[in-house]
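Subject: Handing over a structure

Hello,

Here is the structure I promised to pass on to you.

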Amino acid sequence: MPVPLSINMKKYLIIISLLAMTLSMQAKSKKKSDTPAPGALKEVLVKNGILLGAAINQWEVAGEVPGAVPAIVANFNSAEAENCMKAEVIHPKEGVYDWKLADEFIDFCQRNNITAIGHCLVWHSQPAKWMFKDKNGEPASRPLLIERMKEHIFTVMQRYKGKVKGWDVVNEAILDDGTLRVSPWSELIGPDWIELAFRFAHEADPDAELYINDFSMAKPAKREAYLRLIRDFQQKGIRIDAIGMQSHNGVDYPDVVEYEKTLEAYAATGLKVMMTELDLNMLPNPKDWDGSAEVNKKAAYEEAMNPYKKGLTLEAQKIFNDRYLAFFGIYARHKESISRINFWGASDLNSWLNNWPIKGRTSYPLILDRQYKLKPVVNDIIKLFE
Ligand code: G3I
């Protein structure tokens, strides 16, 4: 037999339920106000002369990833193909080009009024390996590899002439200690392979911007080596428009002071500076990691290395926010020197960091979450540029 409620009890329950409703409405409206407006960061950056972009993959371009296309179109005004313009994919055999995915990427950018950036023409990783062997299976001669490099650069750049604003002509050519990376390019052609690549690129498309790009650019020896290269190009009259600091950052690397010194030093050469592969690795790295983005480095899976399967803890979220604000604080201070900021991925869902250097982890490196929704920190980033 239910006990009848006194008048006072009824009043109390009404007040409690009204309070609960108010709190949940406040929470919803706070959450709503926390959620940054799509495109707001793009707009404030473009007012400062900075393009905002992301590396996008073939599945996002094809519209096969729920929520990806509207989020990419709303939030970014430039883009790079994460993989499909790399030599291994686009030039699989001598005389054979596979344009399908690259054409789809370019068409996607054109119909969505997104500035396309070409990544990348000459790289030691994912190369068209057939180029390094002659018809007898012997190492290609210098003249043969130079001819093949030139033909690749001309064919790719001229197919997309007028549709690609600029190209990562050479990717990751120098090591952290400032020495030239040893690769088939350096071994079979010699140290002038970088200069040749830029000369060919400028001949192929005199209207395209030409970039050199690398990771761990806060390392002083690497910085000095690129400064020497830039000065050498400028003395020889070789076109180079900008330098890409990939910016695959972590919670405890790079040193932000050295990072800012690098940005300033590159800007002082007169080149534009770009953050070309920006992300923030929130997951523990294998021991004695050197902050590298050396894609060929791998490590075995361990549960302890995958601590945020269900989401970042509040503490980790604060570290994420503070770290992104530290980097964007540097970008805001040097906004006249920066021409483009490009995230290495459109959202956490498809970040390469979910599987590198350890496969099968849940990472949170970007400003859009797994549902392609902007993270609250973007509101504070926007304030840095207003
Ligand atoms: O698409 C093929 C698939 O058909 C095949 O079955 C599978 C078998 O391994 O490979 C798939 O291709 C993979 C590709 O990503 C697309 O998912 C390649 O194996 C894999 O090596 C490739 O990894 C890319 C990596 O560069 C190497 O090219 C990452 O997605 C990409 O984020 C990463 O990006 C590089 C930049 O280009 C240069 N700077 C460093 C950055 C991070 O390493």
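Helices (H or I, at least four residues) and strands (E, at least two) in these notes are DSSP runs, numbered from the N terminus. You are looking at a predicted model, in which local features need pLDDT of at least 70 and side-chain atom pairs count only at pLDDT 80 or more, while totals for chains, interfaces and linings use all residues. Residues are numbered from 1 along each chain as its sequence is written, and side-chain values use heavy atoms, with hydrogens and water left out.

**The chain as a whole**

The protein chain has 13 helices and nine strands. Its C-alpha trace spans about 95 × 40 × 40 Å along the principal axes. Of its 386 residues, 53% count as buried; here buried means under 20% relative accessible area, exposed over 50%, and partly exposed in between (1.4 Å probe, protein chains only). Contact means heavy atoms within 4.5 Å. Among contacts with a separation of 6 or more, 79% come from residues 24 or more positions apart.

**Helix H2 and strand S9**

Let me start with helix H2 (residues 40-47), where Leu41, Lys42, Val44 and Leu45 are buried. The buried residues of H2 pack against S1, helix H4 (68-75), S9 and helix H13 (377-385). Just after H2 comes Gly49, with a positive phi of about 75 degrees.

Strand S9 (residues 338-343) is mostly covered, with six of its six residues buried. Two strands pair if DSSP finds at least two bridges between them. S9 runs parallel to strand S1 (residues 51-56), to which four bridges join it, and Gly53 has Asn342 in S9 as its bridge partner. Strand S8 (residues 272-281) also pairs with S9 in the parallel sense, over four bridges; there, Leu278 stands opposite Phe343.

Ser337 sits in the loop between H12 and S9. Is Ser337 buried or exposed? With 19% relative accessibility, Ser337 counts as buried. Leaving aside neighbours within four places in sequence, Ser337 is in contact with Leu263, Ala267, Lys272 and Val273.

**Aromatic pairs**

The structure holds 15 aromatic pairs. Rings of Phe, Tyr and Trp (its six-membered ring) pair if their centres lie within 6.5 Å; planes under 30 degrees apart count as stacked, over 60 as edge-to-face and the rest as tilted. The rings of Phe132 and Trp185 have centres 5.0 Å apart and planes at 85 degrees, so this pair is edge-to-face. It links distant parts of the chain, 53 residues apart: Phe132 is in the loop between strand S3 (115-123) and helix H7 (142-159), and Trp185 is in helix H8 (residues 184-188). Phe132 is buried at a relative accessible area of 10%, and Trp185 is buried at 4%.

Tyr259 and Phe327 have ring centres 5.0 Å apart and planes at 80 degrees, so they are edge-to-face too. This pair also links distant parts of the chain, with Tyr259 in helix H11 (residues 256-268) and Phe327 in helix H12 (residues 314-333), 68 residues apart. Ring pairs join Tyr259 and Phe327 into a cluster whose members include Phe76, Phe320 and Phe343.

**Salt bridges**

How many salt bridges does a search of the whole structure find? There are 24, a salt bridge being a side-chain nitrogen of Lys or Arg within 4 Å of a carboxyl oxygen of Asp or Glu. In the one between Asp176 and Lys222, the closest N and O atoms are 3.0 Å apart. Asp176 lies in the loop between strand S4 (164-171) and H8, and Lys222 in helix H10 (residues 220-236), so the pair ties together parts that are 46 residues apart in sequence. Asp176 is partly exposed, at 22%, whereas Lys222 is buried, at 0% relative accessibility.

Lys236 forms a salt bridge with Glu195, with the closest N and O atoms 2.8 Å apart. The two are 41 residues apart, Lys236 in helix H10 and Glu195 in helix H9 (residues 193-204). Lys236 also forms a salt bridge with Asp232, where the closest N and O atoms are 3.1 Å apart. Asp232 and Lys236 are four residues apart in helix H10, and so are separated by about one helical turn.
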